Amino acid sequence: MSSVRGFRPLVLVADDDPDILALVRFRLEQDGYEVLSAPDGETALDLALARPPDLALLDVMMPRLDGYEVTRRLRHHGPTAAIPIILLTARVQEPDAERGYEAGADDYVTKPFSPSALGERVQAALGR
Amino acid sequence: DRERLLSAEQEARALAEAAQRDLFAQNERLRELDRLKDEFIALVSHELRTPLTSIRGYTELLLDGEAGVLTDEQRRFLGVVERNSHRLLHLVGDLLFLAQVEAGKLVLDVDELDLGAVASESVETARPQAEAREITLTLATSSAPVVTGDRARMAQLLDNLVSNAVKFTPKGGRVDVRVKAVENQAVLEVRDSGMGVPSAEQEFLFDRFFRTSTATEQAIQGTGLGLAISKAIVDAHSGQITVASEEGAGATFRVTFPLSGRAAVTERAEIAS
């Protein structure tokens, strides 16, 4: 008898602030997602390449690889080329948002953000 | 004689080349300084907003009951945390805005705007505050003046002026907002029946961190940045802002802008402080 596994979308979250990382993880797990978390861009990319997520939430200012660079590389990698990518950032100036879209991101959320509002954006991006 | 002329010429040429090198080096330093200003603003923004994200985020989770049912008192205390972190966030935004203006980094997203429509939104936003204190809040637009400007900044200006008017008016008073076109200008007036501004203090009113003695005496909450920001926005749109007031007899803030098509509003505003 095969067990029925519910489909839980996989979300990759990357942020160098451990409190914010935990905040987003909590919210997403409460909302029923499976979460992969990374404290920096390089780890985020390694995780994504090993196991392609259905959506990526990336902080912009991170050590080792910033959010823009991770976005670019995800876009150049088959399995992640078309996934929704949302950038999270405390950089609020207009050119920063443009840079995000140019790198290939779909959405740009400024900090501080409401966790439930973020959850809604993730839901909308995944078309659930 | 000829030799003296030649050597003088060589000397002059050498001086000119040295001056050119100095100028080039100075330009490089200025570009670097400019880049550092950008980085500073971005860094400060990041460093202040990051902890606020956790403060506001976890407070929201608690208030939403995600960590268990709250007692009334717990809810109340968390409400205090929420309100104050909101104040802090607002202050960070104001300071960063002024830093951007200071550094000549304010970028305007320019469009054709109906000033009356912008005023209407700000008035509706302020209405709950006004109603809670039984303040009559009216808006009259006698035409639809169109100005060239940044919608978000214009809304910020209107929000500042209208919320100030409500804040500084005692219970039962009134705030009237008027938008009209006069000759080749768009005119906005925000009049309140509040505590007014002592004439001796009016020249300082638009200075950063300036708070009137009356505001301080009555312990009205504020940072003194609202009018400095308002003036910065008005200046960026080639406008003028003035105040007419008598202590205890209300205040009228008058803002004028060139009507659309009359003046060019540049996309990058450099304001001399």
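This is a predicted model: local features need pLDDT of at least 70, side-chain atom pairs count only at pLDDT 80 or more; totals for chains, interfaces and linings use all residues.
**View 1. Chain B as a whole.** Start with the overall layout before zooming in. Chain B carries 6 helices and 9 strands. Its C-alpha atoms take up a box of roughly 95 × 55 × 40 Å along the principal axes. The radius of gyration of chain B comes out at 25 Å, whereas a compact globule of 273 residues would sit near 19 Å. Buried residues make up 40% of the 273 in chain B.

**View 2. Where chain B meets chain A.** Here 19 residues of chain B are in contact with 19 residues of chain A. Between them the two chains bury about 1800 Å², and carbon and sulfur atoms account for 59% of that. On the chain B side, the residues that lose the most area to chain A are His46(B), Thr53(B) and Glu66(B), which together make up 28% of what that side buries. As for polar links, 8 residue pairs are in polar contact between chain B and chain A, counting pairs with both residues at pLDDT 80 or more. Two elements of chain B, helix H1 (2-63) and helix H2 (72-102), each give two or more residues to the side that touches chain A. H1(B) gives the most, with 15 residues. By type, the chain B side splits into 6 nonpolar, 7 polar and 6 charged residues.

**View 3. Met61(A), reaching over to chain B.** Met61(A) sits in the loop between strand E3 (55-59) and helix H3 (67-75) of chain A. Which residues does Met61(A) contact, leaving aside neighbours within four places in sequence? They are Asp16(A), Arg91(A) and, from the other chain, His46(B). The C-alpha atoms of Met61(A) and Asp15(A) are 8.1 Å apart, though 46 residues separate the two along the chain.

View 4. Find Asp40(A) in the loop between strand E2 (34-38) and helix H2 (41-50) of chain A. Asp40(A) has a relative accessibility of 6%, so it counts as buried, the cut-off being under 20%. Its side chain comes within 2.9 Å of the backbone nitrogen of Glu42(A). The side chains of Asp40(A) and Arg64(A) also make a polar contact, at 3.1 Å. Setting aside residues up to four places away in sequence, Asp40(A) touches Met62(A), Pro63(A) and Arg64(A). Arg64(A) itself belongs to the loop between E3 and H3 of chain A. Is Arg64(A) buried or exposed? At 56% relative accessibility, Arg64(A) counts as exposed. Its backbone deserves a look too: phi of Arg64(A) is near 75°, a positive value in a residue other than glycine.

**View 5. Thr169(B), tucked into a loop.** Thr169(B) lies between helix H4 (151-167) and strand E5 (174-182) of chain B. With a relative accessible area of 1%, Thr169(B) is buried. A polar atom of its side chain lies 2.6 Å from the backbone oxygen of Ala165(B). Beyond four places in sequence, the residues Thr169(B) touches include Arg133(B), Ile135(B), Asp192(B) and Gly194(B).

**View 6. Two backbone details.** Glu183(B) is in the loop between E5 and strand E6 (185-192) of chain B. Its phi is positive, about 55°, although Glu183(B) is not a glycine. This residue is exposed, with a relative accessible area of 78%. Over in chain A, the peptide bond from Lys111(A) to Pro112(A) is cis, with omega near -5°. Pro112(A) lies in the loop between strand E5 (107-110) and helix H5 (115-125) of chain A.

Notes. Residues are numbered from 1 along each chain as its sequence is written. Chains are lettered from A and ligands numbered from 1 in the order in which they are written. Side-chain values use heavy atoms; hydrogens and water are left out. Contact means heavy atoms within 4.5 Å. Buried area is the accessible area (1.4 Å probe) that two parts lose on being put together, summed over both. A polar contact is a pair of N or O atoms within 3.5 Å; within protein, one must be able to donate a hydrogen and the other to accept it, and residues adjacent in sequence count only if both atoms are side-chain atoms. Helices (H or I, at least four residues) and strands (E, at least two) are DSSP runs, numbered from the N terminus. Ala, Val, Leu, Ile, Met, Phe, Trp, Tyr, Cys and Pro count as nonpolar, Asp, Glu, Lys and Arg as charged, and the others, Gly among them, as polar. Buried means under 20% relative accessible area, exposed over 50%, partly exposed in between (1.4 Å probe, protein chains only). The radius of gyration is taken over C-alpha atoms; the globule rule is 2.2 Å times the number of residues to the power 0.38.
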